[in-house]
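Here is a short briefing to read alongside the model. Take a moment to look over the sequence and the fold, and then join us for a tour by topic.

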Amino acid sequence: MKTLQPTFLLFVFVSLVKSAPPIQQESLKFYEYDTDVTLGSLIEQDYETKIKDIKKDGMNVSPNTTLGLQGDDSERNVPPTKDTNLPTCLLCVCLSGSVYCEEIDIEAVPPLPKETAYLYARFNKIKRIAVSDFADITTLRRIDFSGNRIEEIEDGAFSKLLLLEELSLAENRLIKLPVLPPKLTTFNANQNRIKSRGIKANAFKKLTNLAYLYLGHNALESVPLNLPESLRILHLQYNNITTITDDTFCKSNNTRYIRTSMDEIRMEGNPILLAKHVNAFSCLRTLPVGTYY
């Protein structure tokens with residue numbers, strides 16, 4: 001009887017062990033000290049490494065280029081394209097029809113990729129614009145040369161830009177205006193050295209889409225002639241304007257004429273007392289901003 005008791009107890013114990021539910025094992029992650037790297041760090045390191053490789057090869061990176069993580073089957077790496085015909089895009093930033101050449105100290109307009117629509121070349125050292133600069137780029141819609149040192153623009157430099165709508169030559173050293181393309185809606189020549197004799201009598205007459213004209217902070221002695229009916233905003237503040245006539249904005253021979261599109265005229269900072277020329281504003285819906293007393 002004593003011999004059977006241990007055997008019976010062993011049998012009961014084994015039965016209980018077999019009937020117990022299995023212990024679920026959790027998958028644990030182990031990190032060695034000082035080797036834990038976050039996913040964000042991995043992405044950043046991988047991205048920077050690939051960008052460095054691209055720059056070494058002199059490649060132009062498209063904004064649609066995907067730089068995926070190694071080992072990620074859901075995203076494939078799309079290699080950047082290398083175009084040896086576009087040296088400007090190694091110096092500037094070229095993004096789907098837009099070229100950004102800002103604050104890189106260039107002294108001339110760089111060769112542009114064909115079908116360029118928007119050129120931003122602000123705050124450089126450009127002194128001159130030649131006809132050849134845009135001879136083959138007829139797709140331009142916006143050009144911004146603000147903050148350069150432009151003193152001369154060759155005749156006809158913009159003559160082939162039939163699609164150009166916005167042009168900024170602000171903060172340069174111009175003393176006269178070039179011939180402007182016909183479809184301009186916005187022209188900015190603030191802060192130059194332009195005098196009235198530097199603007200031809202019909203400079204704006206044929207610009208039937210021109211809505212915004214900025215000529216503030218120059219050396220004009222009079223308001224430009226033949227302003228188009230489409231004009232909405234006109235800035236002439238801080239010039240040397242001393243004279244104005246009844247035909248400057250209105251039509252002296254037509255007292256019923258109203259300039260319906262004009263919303264704002266700024267003339268403050270000029271040596272002229274606007275109150276002495278009330279008839280010059282009779283066709284306007286609002287009086288110009290300036291000195292009246």
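How do the residues of the lining of the largest pocket divide into nonpolar, polar and charged? They come to eleven nonpolar, two polar and eight charged, where Ala, Val, Leu, Ile, Met, Phe, Trp, Tyr, Cys and Pro count as nonpolar, Asp, Glu, Lys and Arg as charged, and the others, Gly among them, as polar.

Please keep in mind that this is a predicted model, in which local features need pLDDT of at least 70, side-chain atom pairs count only at pLDDT 80 or more, and totals for chains, interfaces and linings use all residues. Residues are numbered from 1 along each chain as its sequence is written, and side-chain values use heavy atoms, with hydrogens and water left out.

**The largest pocket**

- The largest pocket holds about 400 Å³ of space, a volume being the space filled by probe spheres set on grid points that are joined across faces, edges and corners.
- Of the 21 residues that line this pocket, L177, P178, V179, L180 and K200 are the closest to its centre.
- A pocket here is an open set of points on a 1 Å grid over the protein atoms alone, where a 1.4 Å probe fits, with protein on both sides within 12 Å along at least five of seven lines; lining residues have an atom within 4 Å of a point.

**The nonpolar core**

- The largest nonpolar core has 58 residues, and F134, I143, F145, F187, F204, L215 and F249 touch the most other members.
- Such a core is a set of buried Ala, Val, Leu, Ile, Met, Phe, Trp, Tyr and Cys residues joined through side-chain atoms within 4.5 Å; buried means under 20% relative accessible area, exposed over 50%, and partly exposed in between (1.4 Å probe, protein chains only).
- Beyond its neighbours within four places in sequence, F145 is in contact (heavy atoms within 4.5 Å) with V109, L119, A121, I126, I129, F134, I150, S168, L169, A170 and N172.

**Disulfides**

- There are three disulfides, each a pair of cysteine sulfur atoms within 2.5 Å.
- C89 pairs with C94 at a sulfur separation of 1.9 Å; the link is left-handed, with -95° about the S-S bond, and both cysteines are buried.
- C92 is joined to C101, S to S 2.0 Å, in a right-handed link with 110° about the S-S bond; C92 and C101 are both buried.
- The sulfur atoms of C250 and C283 are 2.0 Å apart, and this link is left-handed, with -85° about the S-S bond.
- C250 lies in the loop between strand 10 (233-235) and strand 11 (264-266) and C283 in the segment after strand 11, so the pair ties together parts that are 33 residues apart in sequence. Helices (H or I, at least four residues) and strands (E, at least two) are DSSP runs, numbered from the N terminus.
- C250 is buried at 6% relative accessible area, and C283 is buried at 1%.
- With the bonded cysteines of the chain numbered in sequence order, the pairing reads 1-3, 2-4, 5-6.

- T88 is found in helix 3 (residues 88-91) and is buried, at 5% relative accessibility.
- Not counting residues up to four places away in sequence, T88 touches V99, C101, P110 and P111.
- E264 belongs to strand 11 and is partly exposed, with a relative accessible area of 30%.
- Leaving aside neighbours within four places in sequence, E264 contacts R232, I233, L234 and H235.
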